[in-house]
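Here is a brisk report for a reader new to this structure. Please look over the sequence and the model before reading on.

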Amino acid sequence: MARILLAEDDDSLRGFLVTSLSRAGHDVAAYGDGDAAWEALELGTFDLLLTDIVMPGLDGIELARRGAEADPAMKIVFITGFAAVALSAQSQAPKDAKVLSKPFHLKDLVVEIERVIAAA
C-alpha cells in the first residue's frame, strides 16, 4: 500500500481516482488545486504525487518541482491532456516523472501506479 497525494481539479475524475486507488489498497489524500496539495506536501510524507498539470493555483509542474525538491524519493506521475507540455524541456518537470495522457482507463492508471511504486 502506498500513500498517494492526488491533485486534480475535476471533481468527478478526482472522485473516481480516489475510489479506484483506494480499492487497490492505497491511502489517498485528494485535493482540487495545487495550493492545497502543496500545503499537504509540506505537512506530510507521500510515496507518490499524482497530479494534473493544468489546475487552479499552483500548476502541476510547479507542484511536482517543489515536491521533488522537498522529497527526492517521492515518485511523480502526471495525468494530463497536455502530455507535450509535461515532456518539454522548458517545463522544468522532474526528469523521472511519468506522464499518463487523458483520457485513460482507470485500470491502466492503477497498473501504472503499481509499476511506479514497485520501481522504488
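Buried means under 20% relative accessible area, exposed over 50%, and partly exposed in between, with a 1.4 Å probe and protein chains only. Helices (H or I, at least four residues) and strands (E, at least two) are DSSP runs, numbered from the N terminus.

## Basis of the model

This is a predicted model: local features need pLDDT of at least 70, side-chain atom pairs count only at pLDDT 80 or more, and totals for chains, interfaces and linings use all residues. Residues are numbered from 1 along each chain as its sequence is written, and side-chain values use heavy atoms, leaving out hydrogens and water.

## Helix 2

Helix 2 spans residues 34-43, and its buried residues are G34, A37, W38, A40 and L41. Down the axis of helix 2, these fall within an arc of 160°, so they line one face of the helix. The arc is that of the directions from the helix axis to the C-beta atoms.

The face turned away from the buried side of helix 2 carries exposed E42 and L43. The cover over the buried residues includes strand 1 (3-7), strand 2 (27-31), strand 3 (48-51) and helix 3 (60-70). Contact here means heavy atoms within 4.5 Å.

## Helix 1 against helix 5

F16, L17, S20 and L21 in helix 1 meet L106, L109, V110 and I113 in helix 5.

## Strand 5

V99 lies in strand 5 (residues 98-101). At 28% relative accessibility, V99 counts as partly exposed.
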